[in-house]
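Colleague: I'd like to learn how to read this model, one feature at a time. Can we start with how the strands line up?

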Amino acid sequence: MTRHVVTFRFLGTPEERRQIATKFRDALVALPSEIECLKAIQVGITENPDEQWDLTLIADAATPEDIAAYSAHPAHLAAVEIIKGLKADRACVDYTIER
């Protein structure tokens, strides 16, 4: 199983960043029903106002190739459009997990 962990920081005021994160989260959590190779997804918005990162997603798929297919899927690309021009930073780690 491959785990895909991505953290985002958005541009704007804290309120604007939270609104962006909420809209993006809502689009992301709908993806497993649209993308067959995506086994699970969790999306969290920070609740700590002292932290600089706004949203983290954790997605699981069977293989690294499935993560690539998920990333290129039209439904995922549509979700990414929500944050186009609003992303200050992004960090990503993909790794193998044992089940």
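Colleague: Which residue does Val 5 stand opposite in β3?

Modeller: Strands are DSSP E runs of at least two residues and helices are H or I runs of at least four, numbered from the N terminus. Two strands pair if DSSP finds at least two bridges between them. In this case, Val 5 has Ile 58 of β3 opposite, and β1 and β3 run antiparallel, with seven bridges joining them. Bear in mind that this is a predicted model: local features need pLDDT of at least 70, side-chain atom pairs count only at pLDDT 80 or more, and totals for chains, interfaces and linings use all residues. Residues are numbered from 1 along each chain as its sequence is written, and side-chain values use heavy atoms, with hydrogens and water left out.

Colleague: And in which sense do β2 and β3 pair?

Modeller: Antiparallel, over seven bridges. As an example, Val 43 sits opposite Leu 57 in β3.

Colleague: How many residues of β3 are buried?

Modeller: Buried is under 20% relative accessible area, exposed is over 50%, and partly exposed is in between (1.4 Å probe, protein chains only). Five of the seven residues of β3 are buried, so it is mostly covered. In β1, Val 6 counts as buried because its relative accessible area is 1%. Thr 2 also has its place in β1, and is buried at 5%.

Colleague: What does Val 6 contact, leaving aside its neighbours within four places in sequence?

Modeller: A contact is heavy atoms within 4.5 Å. With those neighbours left aside, Val 6 is in contact with Leu 55, Thr 56, Leu 57, Arg 90, Ala 91 and Cys 92. The C-alpha atoms of Val 6 and Leu 55 are separated by 8.3 Å, though they are 49 residues apart along the chain. Thr 2, not counting residues up to four places away, touches a list of residues including Ala 59, Pro 64, Ile 67 and Tyr 95.

Colleague: Which residues have the most contacts inside the largest nonpolar core?

Modeller: Such a core is a set of buried Ala, Val, Leu, Ile, Met, Phe, Trp, Tyr and Cys residues joined through side-chain atoms within 4.5 Å. The largest one here has 21 residues, and Leu 28, Leu 55, Leu 57 and Tyr 70 have the most contacts inside it. At least two of its residues come from each of β1, α1, β2 (38-45), β3 (55-61) and α3. Beyond its neighbours within four places in sequence, Leu 57 contacts, among others, Val 5, Phe 8, Leu 28, Ile 41 and Tyr 70.

Colleague: How many aromatic pairs does the structure hold?

Modeller: Rings of Phe, Tyr and Trp (its six-membered ring) pair if their centres lie within 6.5 Å; planes under 30 degrees apart are stacked, over 60 edge-to-face, and the rest tilted. There are three pairs. One of them joins Phe 8 and Phe 24, edge-to-face at 5.3 Å centre to centre with 90 degrees between the planes. That pair links distant parts of the chain, 16 residues apart: Phe 8 is in β1 (residues 2-10) and Phe 24 in α1 (residues 14-29). Phe 10 and Phe 24 are also edge-to-face, because their ring centres are 6.3 Å apart and their planes are at 85 degrees. Phe 10 lies in β1 and Phe 24 in α1, so this pair ties together parts that are 14 residues apart in sequence. Phe 8, Phe 10 and Phe 24 make up one aromatic cluster. Their relative accessibilities are 6% for Phe 8, 3% for Phe 10 and 1% for Phe 24.

Colleague: What lies over the face of Trp 53?

Modeller: A charge sits over a ring if NZ of Lys or CZ of Arg is within 6 Å of the ring centre and within 35 degrees of the ring normal. Over the face of Trp 53 it is Arg 9, at 5.6 Å from the ring centre.

Colleague: Last one: which residues of helix α3 are buried?

Modeller: An α-helix has 3.6 residues a turn, so residues three or four places apart point the same way. In α3 (residues 74-81), the buried ones are Ala 75, His 76 and Ala 79. Down the axis of α3 they fall within an arc of 100 degrees, so they line one face of the helix; the arc is taken from the directions from the helix axis to the C-beta atoms. These buried residues pack against α1 and α2 (64-72). Phe 24 of α1 touches, among others, Ala 79 and Val 80.
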